[in-house]
Amino acid sequence: MSHPLIDRLTTEFRYPLLQDEAALSAFTCAPGAHVLFVPGDVARNLETPDVAVILPELKAAFQHAFDCAVVGDSLEKLVREATGVFKTPSLILYRDGRFVGGIPKVRDWSDYVARLSHYLSTENA
C-alpha cells in the first residue's frame with residue numbers, strides 16, 4: 001500500500017493504520033463516527049491517491065465529526081466482505097461499532113457531502 005499520499009494520512013494526519021482485526025474492532029467500536037479508508041491496489045487503481053487527498057478535506061469540512069483510519073492490505077478483503085463495499089478506493093462509515101454506509105470510488109464533492117451528511121444524521125445508525 002505504499003504511496004506518498006496514503007503515507008501522509010498516517011504520518012502527517014496521524015490516522016491509524018489498521019493492520020489486524022483487534023485494531024479494526026477497537027477503532028470502529030469506539031464511541032462516535034469513524035471513516036475507514038480502503039485504498040485498494042494503488043498500482044492498479046489511479047483513483048486511490050485522489051481519495052487520499054479528499055479524505056482530510058472532508059474531515060475538516062465536517063468539523064471533525066468523525067475520525068479516520070487507513071485499512072491495511074491484510075484487512076482489506078475482510079472489510080470489503082463485511083460491509084459489502086467491494087469497489088476501491090472506498091470510504092466506509094461506522095458509528096458506535098455498527099456499519100452505516102460506504103462511498104466507493106471517487107465522487108463529486110457534493111456527493112461526498114450529501115452521503116456523509118445522510119450517514120452522520122441517520123437515527124440509530
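**Group meeting: a cavity and some ring pairs**

Okay, let's start with the hole: the largest cavity comes out at a volume of about 30 Å³. Keep in mind that this is a predicted model. In total, the structure holds one cavity of 30 Å³ or more.

So what lines the largest cavity? You've got Val 35, then Leu 91, Ile 92 and Leu 93, then Gly 101, Gly 102 and Ile 103, and finally Leu 116 and Tyr 119. Strand E4 (90-95), strand E5 (98-104) and helix H5 each put at least two residues into that lining. Sorted by class, the lining has seven nonpolar residues, two polar ones and no charged ones.

Is Val 113 buried, exposed or partly exposed? Partly exposed, because its relative accessible area is 28%, and the cut-off for buried is under 20%. Val 113 and Ile 54 are 59 residues apart in sequence, yet 11 Å apart in space, C-alpha to C-alpha.

Now, the rings. The count of aromatic pairs is three, and I'll show you two of them. Phe 62 and Phe 66 make a tilted pair, 6.1 Å centre to centre with 50° between the planes. Both Phe 62 and Phe 66 are buried. Then there's Tyr 94 with Phe 99: the centres are 6.0 Å apart and the planes sit at 65°, so that pair is edge-to-face. Here Tyr 94 is buried, at 10% relative accessible area, while Phe 99 is partly exposed at 36%.

Conventions:
Residues numbered from 1 in each chain as written. Predicted model: local features only at pLDDT ≥ 70, side-chain atom pairs only at ≥ 80, totals over all residues. Heavy atoms only, no water. Buried < 20%, exposed > 50% of the residue type's maximum accessible area, 1.4 Å probe, protein only. Phe/Tyr/Trp six-rings, centres within 6.5 Å; stacked < 30°, edge-to-face > 60°. 1 Å grid on protein atoms, 1.4 Å probe; cavity = no way out; pocket = protein on both sides within 12 Å on 5 of 7 lines; lining within 4 Å. Points joined across faces, edges and corners; volume = space filled by probe spheres on them. Helix = DSSP H or I, 4+ residues; strand = E, 2+ residues; numbered from the N terminus. Nonpolar A, V, L, I, M, F, W, Y, C, P; charged D, E, K, R; others polar.
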